Amino acid sequence: MTSGINTRELVLEILLEIEEEGQHSHIAIRNALSKYQFLPKQERAFITRVCEGTLEYRILIDYIINSFSKITVDKMKPAIREILRSAVYQLKFMDSVPDSAVCNEAVKLTQRKGFYNLKPFVNGVLRTIIRQMDELAFPSREKDPVAYLSVKYSMPENLVIRWREAYGDEITERMLKDFLTEKPLTVRCRTYRSSVEEIMQSLAEQGVEVHPAPYLPYALTISGFNHILSLDAFIEGKIQVQDVSSMFVAEAADPKKGDYVIDLCAAPGGKSLHIGDKMEGYGTVDARDISQAKVDLIEENIRRTDSINVQAKVQDATVFDLDSENKGDIVIADVPCSGYGVIGKKPEIKYRMTPQKQEELVILQRAILKRAAEYVKPRGTLIFSTCTIAREENEENVLWFLNNFPFRLESLNGCLPKELHCESSALGYMQFLPGVHNTDGFFLAKFRRK
């Protein structure tokens, strides 16, 4: 603790904001660190790791707590629950923090938050866990494989069940393991403005660890830096944060100089900017989203990258826009989805999505696809994508779309490296799976209007 800020109390506030107020984890952490920019790098890293780790491993952590506490986690006061969860994460996964310090700081924080009478409870539970955690029995893989995978990889049982049914045991476990694997940040080099070599040199000069990313020659992975905003290559608009899987959207779209492109759900603008770069400043990319806040994110990226052929505006993708009818050479429908493919980056997704919410999302996705179809020129291109691995949002939407609109699928093999070619990519769609492919979970389909 320095500068009068108790880092563990800040962790608690962030976790409560995520758990009790429904905030997205990356936003809650980013906002807190922005507020306390003066914190040393080590403390900022501690806060980020404990918050993210406590969320990622919540099911395993709760299993441990419930095994040693007379009061189950779901019966605890929210603040006490998060104090214990974050403490158990440190005990289980952070060898650099002494067990006694974790326990003492949790007890102090309990008192700071006004729960003086619960200090003995918090102290007793944590000291019991310290003594006996290594003896704790976990669910049997042979007798209850679903419970075993759920606890080991902290994934809700309903998701373990559905993925085992869809992809089998081996691929499911590879995905679950991948979600918990820390990965470097992926960026796209804007080769329209600078060469990959120049960008790599600039990053290396600032002490960044740089490696080529899989599949695409202009994609890099970067690590070992404090904040993206401190990097000259980012400030000068030479790189854009983007996963490799989503870069294939622009590859599949294959825009020509002078094309008119409509991106219906564009925020924060990565795909729009990529397509604009591919047209080398010519043509127009009409980047739309539903709110001014989202459009502000797009415009911020347009300004930073000086993308002269990308324009942003507020437009609800489900509301028909007469001026766009039959106008788009290319229409991008990267629709809202359950987000199961990016659980590794946004762990709260796995706890919040419900079957009812997913059904509502499919209805929304189809409403957007219906509008997208109306904006594509005859013989124009429609790219449909999501960041999920749910078949009802992906393959089933493709079948629905083909049955209801005058479009046909077009092979993706021309835009994918040979190592990704498969039966479905030859037909015109591709499901990227975490742990199977070196990307996020992502779905991509290419349609051509008849």
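Modeller: Here is a short tour of the helix packing, a serine, some aromatic rings and an annotated domain. Keep in mind that the model is predicted.

Biologist: Start with helices. At what angle do α4 and α7 pack?

Modeller: About 105°, with their axes 9 Å apart. The two helices are therefore roughly perpendicular to each other, as angles of 65 to 115 degrees count that way.

Biologist: Which residues make the contact?

Modeller: I64, I65 and F68 come from α4. T128, I129 and Q132 come from α7. Four of the contact residues are nonpolar, two are polar and none is charged.

Biologist: Switching to S86. Buried or exposed?

Modeller: S86 is buried, at 9% relative accessibility. S86 sits in helix α5, residues 78-93.

Biologist: What does S86 touch, leaving aside neighbours within four places in sequence?

Modeller: V11, L15, V50 and T54.

Biologist: Now rings. How many aromatic pairs are there in the whole structure?

Modeller: The search finds 16. Take Y57 and Y89: their ring centres are 6.3 Å apart and the planes meet at 35°, so this pair is tilted.

Biologist: Where do those two lie?

Modeller: Y57 is in the loop between α3 and α4, and Y89 is in helix α5. The pair therefore ties together parts 32 residues apart in sequence. Y57 is buried at 13% relative accessibility, and Y89 is buried at 5%.

Biologist: Which residues do ring pairs link into a cluster?

Modeller: W400, F401, F405, F407 and F447.

Biologist: Last one. What does UniProt list for residues 175-450?

Modeller: An unreviewed UniProt entry gives "domain: SAM-dependent MTase RsmB/NOP-type" there. In the model, that span is 33% helix and 24% strand, and its end C-alpha atoms lie 37 Å apart.

Note on methods:
Residues are numbered from 1 along each chain as its sequence is written. This is a predicted model: local features need pLDDT of at least 70, side-chain atom pairs count only at pLDDT 80 or more; totals for chains, interfaces and linings use all residues. Side-chain values use heavy atoms; hydrogens and water are left out. UniProt positions are given in the numbering used here, feature names are shortened, and annotations may be inferred rather than shown by experiment. Helices (H or I, at least four residues) and strands (E, at least two) are DSSP runs, numbered from the N terminus. Axes are lines fitted to C-alpha atoms, for helices over the stretch in contact, and angles run from 0 to 180 degrees between N-to-C directions. Angles under 35 degrees count as roughly parallel, over 145 as roughly antiparallel, 65 to 115 as roughly perpendicular and the rest as oblique. Contact means heavy atoms within 4.5 Å. Ala, Val, Leu, Ile, Met, Phe, Trp, Tyr, Cys and Pro count as nonpolar, Asp, Glu, Lys and Arg as charged, and the others, Gly among them, as polar. Buried means under 20% relative accessible area, exposed over 50%, partly exposed in between (1.4 Å probe, protein chains only). Rings of Phe, Tyr and Trp (its six-membered ring) pair if their centres lie within 6.5 Å; planes under 30 degrees apart count as stacked, over 60 as edge-to-face and the rest as tilted.
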